[in-house]
Amino acid sequence: MEAGGERLPKQRQVLIFFLLMGVALAGWESRRYSVMEETESGSFVANLAKDLGLGVEELAARGARVVSEDNEPRLQLDLQTGDLILNEKLDREEMCGPTDPCVMHFQVLLKKPLGVFRAELLVRDINDHSPEFPEREMTLKIPENSAPGTVFPLKKAQDLDVGNNNIQNYNISPKSHFHVSTRNRGDGRKYPELVLDKDLDREEQAEFRLTLTALDGGSPPRSGTAQVRILVLDVNDNAPEFEQTLYQVQVPENSPVGALIVKVSARDLDTGTNGEISYSLFYSSQEISTTFELNSLSGEVRLIKKLDFETVSSYELDIDASDGGGLSGKCSVSIEVVDVNDNSPELTISSLTSPIPENSPETEVALFRTRDRDSGDNGRMTCSIPDDLPFLLKPSAENFYTLVTNGALDRENQSEYNVTITVTDLGTPTLKTQHNITVLVFDVNDNAPAFTQTSYTLFVRENNSPALHIGSVSATDRDAGANAQVTYSLLPPQDPHLPLASLVSINADNGQLFALRALDYEALQALEFRVGSTDRGSPALSSQALVRVLVLDANDNSPFVLYPLQNGSAPCTELVPRAAEPGYLVSKVVAVDGDSGQNAWLSYQLLKATEPGLFGVWAHNGEVRTARLLSERDAAKHRLVVLVKDNGEPPLSASVTLHVLLVDGFSQPYLPLPEAAADPAQADPLTVYLVIALASVSSLFLFSVLAFVAARLCRRGRAASLGGCSVPEGHFPGHLVDVSGTGTLSQSYQYELNTILQVEKRDLATMRKKAKEIWHKP
C-alpha cells in the first residue's frame, strides 16, 4: 500500500460511480428488514429467495452470499432455504451509538451473471439501559435574593437507548422550594432545569438536599437518580456573561495534539472574589473529556487526542464560567471536524478464478469491491490495471468491479500473469492502494508436434547387421504435460508393394530408426517413407516428416567378364597377322562390376603370357595390343591371362584367358585368288577366307559392344544430371574406367548385352569351329 504518488500515465482510469438507486434485477428496489436488538443468533430475518423472485436452487447455483458495508459477518444466507438469518446477537448501541434509526446496509451478491441487490436491516431499540447521571451528587449555589421563577440548569442524565426508550422526564423531591422542568433542545435531548418556587432565606435555611430522578419512556420505564445539594449564598448580583453564547469552529482531523481549538471569554461586573472567573466543562462525556482540555483560567480549549472524522464528525461542549460569589454563566462550543484525506482506499476480493484455460474468450477472473472511508473527493476513487496486460476492468453496481480477460490467452507465449490493481482516491494528496493477483493459464492441446526438419536423409552401408540404429527423427510440442508428450510411428507407404515394416522400425518414445535386416545396394539403393509424431492430448494432434534412407555401396561384387566368354567350351581364339604393327588391337576384354563408385572402377593387367613382351593390356580399357613387331621366330600360338581388378577396399578381381593365333598374310591387301591354289607353297584359300571372315565378324562384334556401352553411358549420364541419387565420390586414378553412369552395369543392361553376345555367338559358331581346326593343324 502506498500513500500519494503520481497517477500512472499508462494505466486505464475507471471513475468509480455510486449507484444509489436500484440495481441488477428489473423491478427490485432496496428493501428494509427489521429486527429487535439482542435477538438470539440464528433467528429468522426474511426469506431472500422469495423477495428476489428466485428459486433456492438458482441462489445456490449462482453462489449467492451476503456482504455488509463494514465487512462484519452479522448476517448469513442459508442457501438450502433462502432464509436470511442472524449470525450473532446485535447490540444497537454498539453498532450505532446515539444514531437513530440504526440501519445496517448490506448487499446480496449473485454470479453468472453478476447481480448486486441492496437491502437494509433496521435494528430496533429495546429498553436495556437505565439513565445515568455523570455525577452522583451535584452542588448549586443560589443567592438568597433570587426571585421566584429563577431557573437553574442541572446536569442531564445519559441514556444509551434512543427514541422513547431515552430520557423523557425529570422530577425532584422534596418540592418545598423548588420544582424541575424538562427542556427540549434543538438536538432532541432533554435537559433538567431547577425552578425556584418561593423566596430563599439563608438565615432560615442555608442548605437544601434534593433527589433528582430521570425517567425514560420504556415499558417498563427505567430511572436513575442523583443528589442535588443547594447552598444559599449571600447576594452577588452580577453573574459572569460570555461574549458569545455559541462558538462554532472547524478543526481539520489531522490537527496535532496540543493544538488550540477555541478560546472562550466571559466577564463579570462584580469586583473582588465575586468578579474572579473560572472556566469548567459543564457537562463532559468520556469522549469529550479524553479529547479536549479546558484551561480554567484562560478559557482555552486544546486538543489532547488525535481526531478522526470517520469516527466522530462533530462535538458539542458546554462551558461554565463561575465567579467567586457563586454565580455562573454558560456557553456552548460546536466543533466540526473537517475531513482530510487520511484513509487509503480499501480493496476486498470477493471471488478469484485461477488458473484459467487458454484460448477461452472473455473470462471472469476476479470480482472485488473498493471502499474509501473518507468523504467528498477524498472518498471518490479510480481503479486501473497496467495497459500492457490482456485484461479489462468492468465496473458494476455498489463499487464492485469485475476483472476479465481481454480476448483469448496463449499459454505458450505466457503461462502466468501478475495483475496489479491500483485504486486511487481524488483527495489531496492522493492516496492509493495496490493489490496483486497472480493469474495462471493452464494448457489446452492447441499445438501439433513439429519435426526439427521437414525431411531427413540417412545413410546406411549395405550388408549391415540387423537391428542397426541408422538415425533418429525428433519432434517437439510447445504444449505442456500430456499435451507435449510425443510418440512416433511409421506411416503406411505410398507404394503398397514396399515391405516397409520388414525393412525399418521406429522407437515410439525417442524416434530412433533401425534397419531390421541387411540391405543390398544392388537390390535397393534408396528408401523413402514418412514418419508421424502424435501428442497425447485430447483430441490428439500430429505431424509428418519425410525420411530418405540411402544405401551406401560395399565392395561385395567381383568383376564379371562379359567378353571373352568363359563358358567352359572351346577357348576364345583371336587371329593376329604377323605383319601387324606395334599397338595392333588384338582383342578387348569387357567386364562389369555390380558395385558402384570406386568399387566399380576396373583396371586391367596382363597376368601371364606365353611370350612376355609380345603383347600388352591397356590398364584403363582392357584393350589387348601387340607390344612390338612380330617375327617369324615368334610362336604361332599364344595364351594370355588378363586380370580384371576393381578399386574397392579390399579389391576384388577376376581373370580371363585369351588365346591368340598368329597367321601369315592376314593383313596383306591382296590375298591369293582361287586359281593360284595349285601352288603347294601357297596357303589353303579356304583357310584364308575363313580367317578374313572371322576377323571381320570379330571387329564388327567389338564395335557393336563399344557402341552399345557408349550409348548406355550417355543415357545414364543424362539421367544422373536430372536429379538422380548421388553417391559420395572419391578421387580415382586416371587409369581406371567406370563402365556405367553410376559405376555399375544394371541387371537390365547385363541382360541386353548378354542377348547381343548370344546372337553374335551363333553367327561366329562356324567361324570358331574352323579356327579350332586351324589351331590344331600341324
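Trainee: How many residues does the largest nonpolar core have?

Mentor: The largest nonpolar core has 26 residues, and those with the most contacts inside it are Tyr33, Leu75, Phe106 and Leu121. Such a core is a set of buried Ala, Val, Leu, Ile, Met, Phe, Trp, Tyr and Cys residues joined through side-chain atoms within 4.5 Å; buried means under 20% relative accessible area (1.4 Å probe, protein chains only). This is a predicted model: local features need pLDDT of at least 70, side-chain atom pairs count only at pLDDT 80 or more, and totals for chains, interfaces and linings use all residues. Residues are numbered from 1 along each chain as its sequence is written, and side-chain values use heavy atoms, with hydrogens and water left out.

Trainee: Which strand gives the most to this core?

Mentor: E7, with five residues. Strands (E, at least two residues) are DSSP runs, numbered from the N terminus.

Trainee: And what does Leu121 touch?

Mentor: Not counting residues up to four places away in sequence, its contacts (heavy atoms within 4.5 Å) include Tyr33, Val45, Leu75, Leu86 and Phe106.

Trainee: On to the sheet. What is the order of the three strands?

Mentor: E35-E39-E38, an open sheet with antiparallel pairing. Two strands pair if DSSP finds at least two bridges between them. Strands E35 (468–472) and E38 (504–506) are the edges, each pairing on one side only.

Trainee: How many bridges join E38 to E39?

Mentor: Three, with E39 covering residues 512–515. Val504 stands opposite Ala515 in E39.

Conventions:
Buried means under 20% relative accessible area, exposed over 50%, partly exposed in between (1.4 Å probe, protein chains only). Helices (H or I, at least four residues) and strands (E, at least two) are DSSP runs, numbered from the N terminus.
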